[in-house]
Amino acid sequence: MTERSLVCISCPIGCRLTVVEDPPGTIAVSGNKCARGEVYGREEMLSPKRVVTATVLTDSSTMRRLPVKTTAPLAKELIPGLLSGLYRMRVPLPVRCGQVILHDLEGSGIDLVATRSAE
Ligand code: SF4
């Protein structure tokens, strides 16, 4: 049996969840005030994901960094590789808000997009 205590981050209430896996693959969530907490607890135990927000260097001297984010939560194990790639990249301007900067991250179907336009 595996038991974890988590705080649900799906809304500002922040319910304290207890997530139990017993037997492996069978998840029970308690402490949640709504169904979103159950989904969150189950996903955190089996396959945690996060939306990644960051900035990347541009080739412009007037706007040095461009804010970016993933289009959906990305598996946590893919995030360190994504971030180390972002530290090394340089985006040519201009860029439109919503423009795809990196397509289909690690075959996940999730893109990295600009969150503002830059000339
Ligand atoms: S369980 Fe529901 S009410 Fe509680 S923090 Fe999560 S989303 Fe909010």
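Student: In which loop is glutamate 106 found?

Tutor: Glutamate 106 is in the loop between E9 and E10. Strands are DSSP runs labelled E with at least two residues, helices are H or I runs of at least four, and both are numbered from the N terminus. This is a predicted model, where local features need pLDDT of at least 70 and side-chain atom pairs count only at pLDDT 80 or more, while totals for chains, interfaces and linings use all residues. Residues are numbered from 1 along each chain as its sequence is written.

Student: What is phi of glutamate 106?

Tutor: Phi is near 50°, a positive value in a residue other than glycine. Glutamate 106 is partly exposed, with 13 other C-beta atoms within 10 Å. The classes are buried for 20 or more other C-beta atoms within 10 Å of the residue's own, exposed for 12 or fewer, and partly exposed in between, with C-beta atoms placed from the backbone.

Student: And aspartate 104, buried or exposed?

Tutor: Aspartate 104 counts as exposed because it has 11 C-beta neighbours inside 10 Å. Aspartate 104 is also found in the loop between E9 and E10, and has a positive phi of about 55° although it is not a glycine.

Student: Next topic, cis peptides. Which residues does a cis peptide bond join?

Tutor: Proline 23 lies in the loop between strand E2 (16–21) and strand E3 (27–30). A cis bond also joins leucine 93 and proline 94, with omega about 10°. Proline 94 is in the loop between strand E8 (90–91) and strand E9 (100–102).

Student: How many helices and strands in the protein?

Tutor: There are 2 helices and 10 strands. Along the sequence the pattern reads β-β-β-α-β-β-β-β-α-β-β-β.

Student: What about domains, which bounds does the assignment give?

Tutor: Domain 1 covers 2–46 and domain 2 covers 53–114; such bounds come from an automatic or database domain assignment. The C-alpha centres of domain 1 and domain 2 lie 30 Å apart.

Student: Which residues form the largest nonpolar core?

Tutor: That core has 9 residues: Val56, Leu66, Val68, Val91, Val95, Leu105, Ile110, Leu112 and Ala114. Strand E6 (65–70) and strand E10 (112–114) are the elements that give two or more residues to this core. A nonpolar core is a set of buried Ala, Val, Leu, Ile, Met, Phe, Trp, Tyr and Cys residues joined through C-beta atoms within 7 Å. A second, separate core of 7 residues includes Cys8, Leu17, Tyr40 and Met45.

Student: What is valine 91 in contact with, leaving aside neighbours within four places in sequence?

Tutor: Val56, Thr58, Leu66 and Ile101. Contact requires C-beta atoms, placed from the backbone, within 7 Å.

Student: Last one. What surrounds the ligand?

Tutor: The surrounding residues are Cys8, Ser10, Cys11, Ile13, Gly14, Cys15, Asn32, Lys33, Cys34, Arg36 and Gly37. A residue is included if its C-beta atom, placed from the backbone, lies within 6 Å of the molecule.

Terms used. Two residues are in contact if their C-beta atoms, placed from the backbone, lie within 7 Å.
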